[in-house]
Amino acid sequence: MTPQAVPEKSTTTSEECTIVSAPPPAFGAGNPSADCIADSAGGLTFDLDAPHGTDALDAAAHWSGALVLRRRGGDEESDEVRLPLAPNGEGRLRAVLPSTVALPEGRWDVHVACGEETPRRLLPGLADLRSLVDRRPGPSTSPLAVRIPYTTKHGNLSLRSWQRAPHAEAGDIYVGDDGVTAHGTLYRVEDPGAWLDDAVLEARLRRDRAVTVTAAVAGEGQDFTATLDWAALCAHWEGGLDVWDLWLRRPDGSEEVRIARILDDIADKRHVLTFPVRSFAAAYAPAQVSPYYTVDNDLSVRIEERPPVG
Amino acid sequence: MHISFLIHNAYGIGGTIRTTYNLAGTLAEQHDVEIVSVFRHREQPVFAPSGKVRLRHLVDLRKNGPGYEGEDPEYLRPAAVFPATEGRYKQYSALTDRRIAEHLRTLECDVVVGTRPGLNVHIARQARGGQVRVGQEHLTLSTHSAPLKRTLRAHYPRLDAVTTVTEADARTYRELMRLPGVRVEAVPNGVPAPALAPAEGDGKWVIAAGRLAPAKRYDVLIRAFGKVVAERPDWRLRIYGAGAERAKLRALIDKLGLYNHIYLMGPATPLEPEWVKGSIGAVTSSLESFGMTIVEAMRCGLPVVSTDCPHGPGEIIADGTDGLLVPVGKPDAVAAGLLKLINDDELRRRMGAAALESSARFDPGRVAERYETLFTDLRARGALRGSLHRTRGALLSTAFRAKDRGRAALRKARAS
């Protein structure tokens, strides 16, 4: 069992995220804003204006500013990360979050702390996330760091963070009449080709973890393809909502990895990467089936009743 | 110069508001500039005007605020000065009539600029003598209803200038309206240089952005992209924006099996960080009064494939040099345009660089200069012959109004 296997929550999180450059909050809301540039390795650079009446050099020297990241819902010491602010050479202050600084998975709210003052939330400025689009990490076995800045529904700056090794990135997904075919790419294992050899795709029923359905995986290098049949999933369905979480697993159970889609700039896939819903004649009743991305951008399949016509 | 803009609601979201803020902010570098908003419905404006621009309102619609005027009896009576033929007539009232009249009667400025037809009518009728009166057209004359056109014909002779955002629309104004002595001039909207480095042009993404409205014809873009994917499955399309068409477009994407290749991204402000993620911009509208998104994409270094629809795209894109113009409503033509740039990396980069260069003419600084020149000319001219022009304008207005009234009466007689 690897540490990335965070238990699925069946409830959604309280704060939905919109895309990172959603409408800006009203100006003059008071809090400072930070521009953000992402590098392709997972590092982030934040630039913000020095507080009023100081220049960046003064501010850095006399005012011990820091960018403070706090993990939502956490109160452990590891749930706070402080990044020093230093002049960026262009009259502003800069903080850097390198990919090597561990940021446990979750939502991190971004604050600025000036000396003894209570840290204040930062507002999003310009976010240059172009190097996150179509990320293709190189070979390595250290955990893959993914941090995507986004604007919360209250208009504040936060980060989504993932830390995974191995990581199975979902690619194109095809929704067919008989089943769903998932393409993907495996990262952060010594030998992806060998790992995928004999590996299976395993769907786990969320309401009863003991129930699983597996499908063969075809691997080519680090790329994989597998098809799950609706019939196999629907055989367990007895009305209501069934959710199946999709994993890749070594045949001997020694390693497993949740299939997710995190290697781009889209913090929340649910409303952007959506799939058609298919009707399937399940034994219990006519069902609707479709793959979807969870609030954590993990890939799952949903089976539910067909809504009444009209 | 002291320049005063009159706008419907400076506290909302929209192209006119954004453009007015851009222009006012740039003019404020050299001049004394204010924006007067007829309505105020929220505490803070969505877009921030430059610190040098003064912003005030005439009617307070902040619900639960101490100055809320939405239940004032005068506010509930219909407007008499603001023309009934204007699209926003229902939002105007006896109260706005009175407040705008008082504002114009007491306004101390050199140039007063209206930003929509009804407000231009107020200015034509009520601005003080000696002030330069400019009416901006942010849409196009041809999209206005016939009754509104008649209203404008009656009142615009008393303006000093009408500005349009395209040459095509300026021509229409000159052809359809008799506006002797009124300068009709096309001044494009300004688009600031983005604060990010331009697109590199090597990502395999086509980007489109705009309201998901029928006139944007995203259905054509989606069908066109299906043809692109058939040849180049390594390229994908992002469409930014919100709107009533979303569910329909979603269904079309799913029906055509393009859900792995076309993403409906939702709204994004600002758009620059999204444009630079792509290598080609796409516009498939059937109508663009100006074509703001085309300029935005070009300022980010993207070559744009656009339909050659009325009125803006053809005046923004130099076909084959800094982008491509294709016929309206033809998925095959749009696909061919996109594939031309997709299949030729060198051509795409060259056109992207050309787009970056040619779109600099839309810099707010350059646009503001054109306004400045126009205002200065009009002031000089006004000093010589302002009162004569206005007397003639007033006479013409009366004549047209009489004629239009006659026409309306005739129509009524015919109809009955």
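The axes of helix α7 (residues 218-231) and helix α8 (residues 246-255) of chain B come within 10 Å and cross at roughly 15 degrees. Axes here are lines fitted to C-alpha atoms, for helices over the stretch in contact, and angles run from 0 to 180 degrees between N-to-C directions. Helices (H or I, at least four residues) and strands (E, at least two) are DSSP runs, numbered from the N terminus. α7(B) and α8(B) are therefore roughly parallel to each other; angles under 35 degrees count as roughly parallel, over 145 as roughly antiparallel, 65 to 115 as roughly perpendicular and the rest as oblique. Their crossing is right-handed, a term used if the near helix is turned clockwise from the far one by less than a right angle, with anticlockwise giving left-handed. On the α7(B) side, B:Y218, B:D219 and B:I222 make the contact, and on the α8(B) side B:L249, B:L252 and B:I253 do. Two residues are in contact if their C-beta atoms, placed from the backbone, lie within 7 Å. By class, the residues of this helix contact are 5 nonpolar, no polar and 1 charged. Ala, Val, Leu, Ile, Met, Phe, Trp, Tyr, Cys and Pro count as nonpolar, Asp, Glu, Lys and Arg as charged, and the others, Gly among them, as polar.

The model is predicted: local features need pLDDT of at least 70, side-chain atom pairs count only at pLDDT 80 or more, and totals for chains, interfaces and linings use all residues. Residues are numbered from 1 along each chain as its sequence is written, while chains are lettered from A and ligands numbered from 1 in the order in which they are written.

Chain B also holds an open sheet of 6 strands in the order β10-β9-β8-β11-β12-β13, with parallel pairing. Two strands pair if DSSP finds at least two bridges between them. At the edges stand β10 (262-266) and β13 (323-326) of chain B, each with a single partner strand, so one side of each has no neighbour in the sheet. On average, neighbouring strands of this sheet are turned by 20 degrees against each other, direction ignored. Within the sheet, β11 (residues 280-283) and β12 (residues 304-307) of chain B run parallel and are joined by 3 bridges. B:A282 has B:V305 of β12(B) as its bridge partner.

Chain B is assigned domain 1 (2-190 + 365-415) and domain 2 (205-362), with bounds from an automatic or database domain assignment. The C-alpha centres of the two domains of chain B lie 33 Å apart. Their contact takes 14 residues from domain 1 of chain B and 9 residues from domain 2 of chain B. On the domain 1 side, α6 (167-176) and α14 (364-415) of chain B each supply at least two residues. α6(B) gives the most to that side, with 3 residues. The domain 1 side has 5 nonpolar, 6 polar and 3 charged residues.

In chain A, 5 strands form an open sheet in the order β5-β6-β2-β1-β9, and the pairing is mixed. The edge strands are β5 (86-87) and β9 of chain A; each has a single partner strand, so one side of each is left without a neighbour in the sheet. Strands β2 (residues 44-49) and β6 (residues 92-97) of chain A run antiparallel, joined by 6 bridges. A:F46 is paired by a bridge with A:A95 in β6(A).

The contact between the chains takes 25 residues from chain A and 22 residues from chain B. β9 (123-128) and β12 (167-175) of chain A each supply at least two residues of the chain A side. β9(A) gives the most to that side, with 3 residues. The chain A side divides into 15 nonpolar, 5 polar and 5 charged residues.
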